[in-house]
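The plan is to look up a few things and jot down what turns up.

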Amino acid sequence: RVNGRNKLMYFAQLWSAAALMQWLRGIIPLGEIWTEIFAELVSWMNAIASTAVEKVAFYKLTTKFAEELKANNTFAYVQVTGHSLGGGLSLITGAQAKIPAVGVSAPNARISGKSYDPPIDWHDINKYAFNIIPKHDIVPKLDDVADNWQQIGCNAELSKAAGFCHFGMRSICELMYTCGSGNRPVFCECVSAYGYPPPLSVNGTNFYESCEKE
C-alpha cells in the first residue's frame, strides 16, 4: 500500500509519456494515424528516463510471481486484478505473463506497452486485459484502452465525479447494484456511504439490522 503522494509519482513516471502523446495527438491534424508512432516515442522517452522508471516498475515483481505460479502448477488457474495503480500493474502483468487480468479504474497500456520490460504489444493487451471503467473517472483516461473494457455507472454528484467515481468501494457497490450480489452480502457502506438502495433479501434477513450488528 502506498500513500497518495507516492501514488501520484508512480502514475507520473509510468504513464506521463503516454499522456503527453495523447495530448499531442489531440492537437495535431489527423492525430489518430500517428498512434503507432507515438508508442515508439513513448518507448524512447521512457528509455531515457530508465533509472526513474525502473524504481516504480513493480509490474516486474507481479509478473515474475505470476509466471512462477504458472510454471510450478501451484494453481490450476492464475489471474490478476487490481484497482487504480494496482489495476494498471495488473493489466501489464496479464499481458506479459499471458494470463487473464482485470483492472478497475486502471490506467491503460496500449501506447506505453512497448516501453515495459519485457515489451508488450496490443495483441496481448487485447487478448488478456479487461478494464472496468466508471463513468467520469479520470484515471482510466491515461493511455488508450484496449479492445476489452466495460464502462459502469457512477452515482456521485457530477461536480465531484472526477475524483469520487475513482473510489474502489463505490465501483464494487455499482457492480453489485447493477449485476446483483448472488449469495454474497452487500456491503453496508453501499447504502450508508454511497446512497444505493438497500438490497432485497433472499432469505428474509433485514439489511439494516444486519448492518447494526457489525
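This is a predicted model: local features need pLDDT of at least 70, side-chain atom pairs count only at pLDDT 80 or more; totals for chains, interfaces and linings use all residues.

Entry 1: I started with the place where H4 and H5 touch. On the H4 side I found Tyr 59, Thr 62, Thr 63, Ala 66, Glu 67 and Lys 70, and on the H5 side they meet Leu 89, Ile 92, Thr 93, Gln 96 and Ala 97. Sorted by class, this contact has five nonpolar, four polar and two charged residues.

Next I looked up how the two helices lie. H4 covers residues 59-71 and H5 covers residues 85-97; their axes come within 9 Å and cross at roughly 45°. That angle is why I can call H4 oblique to H5. I also checked the handedness, and H4 passes H5 in a right-handed crossing.

**Entry 2: Asp 124.** I moved on to helix H6, residues 122-128, where Asp 124 lies. Is Asp 124 buried or exposed? Its relative accessibility is 16%, and the cut-off for buried is under 20%, so Asp 124 counts as buried. Leaving out residues up to four places away in sequence, I see Asp 124 touching Ala 95, Lys 98 and Ala 129. Asp 124 and Ile 92 are 32 residues apart in sequence, and their C-alpha atoms are 9.6 Å apart in space.

**Entry 3: aromatic rings.** How many aromatic pairs does the count come to? I get four. I picked one of them, Tyr 177 with Tyr 196: the centres are 5.4 Å apart, the planes are at 50°, and the pair is tilted. The two partners sit in distant parts of the chain, 19 residues apart. Tyr 177 is in helix H8 (residues 168-179), while Tyr 196 is in the loop between helix H9 (188-192) and helix H10 (207-213).

I looked up accessibility for both partners. Tyr 177 has a relative accessible area of 52%, so I wrote it down as exposed. Tyr 196 has 6%, so that one goes down as buried.

**Entry 4: the whole chain.** Last, I stepped back. I counted 10 helices and four strands. Read from the N terminus, the order of elements is α-α-α-α-β-α-β-α-β-β-α-α-α-α. The chain has 214 residues, and buried ones make up 41% of them. I also checked contacts between residues at least 6 apart in sequence: 55% of these join residues at least 24 apart.

Note on methods: Residues are numbered from 1 along each chain as its sequence is written. Side-chain values use heavy atoms; hydrogens and water are left out. Axes are lines fitted to C-alpha atoms, for helices over the stretch in contact, and angles run from 0 to 180 degrees between N-to-C directions. Angles under 35 degrees count as roughly parallel, over 145 as roughly antiparallel, 65 to 115 as roughly perpendicular and the rest as oblique. A crossing is left-handed if the near helix is turned anticlockwise from the far one by less than a right angle, and right-handed if clockwise. Contact means heavy atoms within 4.5 Å. Ala, Val, Leu, Ile, Met, Phe, Trp, Tyr, Cys and Pro count as nonpolar, Asp, Glu, Lys and Arg as charged, and the others, Gly among them, as polar. Rings of Phe, Tyr and Trp (its six-membered ring) pair if their centres lie within 6.5 Å; planes under 30 degrees apart count as stacked, over 60 as edge-to-face and the rest as tilted. Buried means under 20% relative accessible area, exposed over 50%, partly exposed in between (1.4 Å probe, protein chains only).
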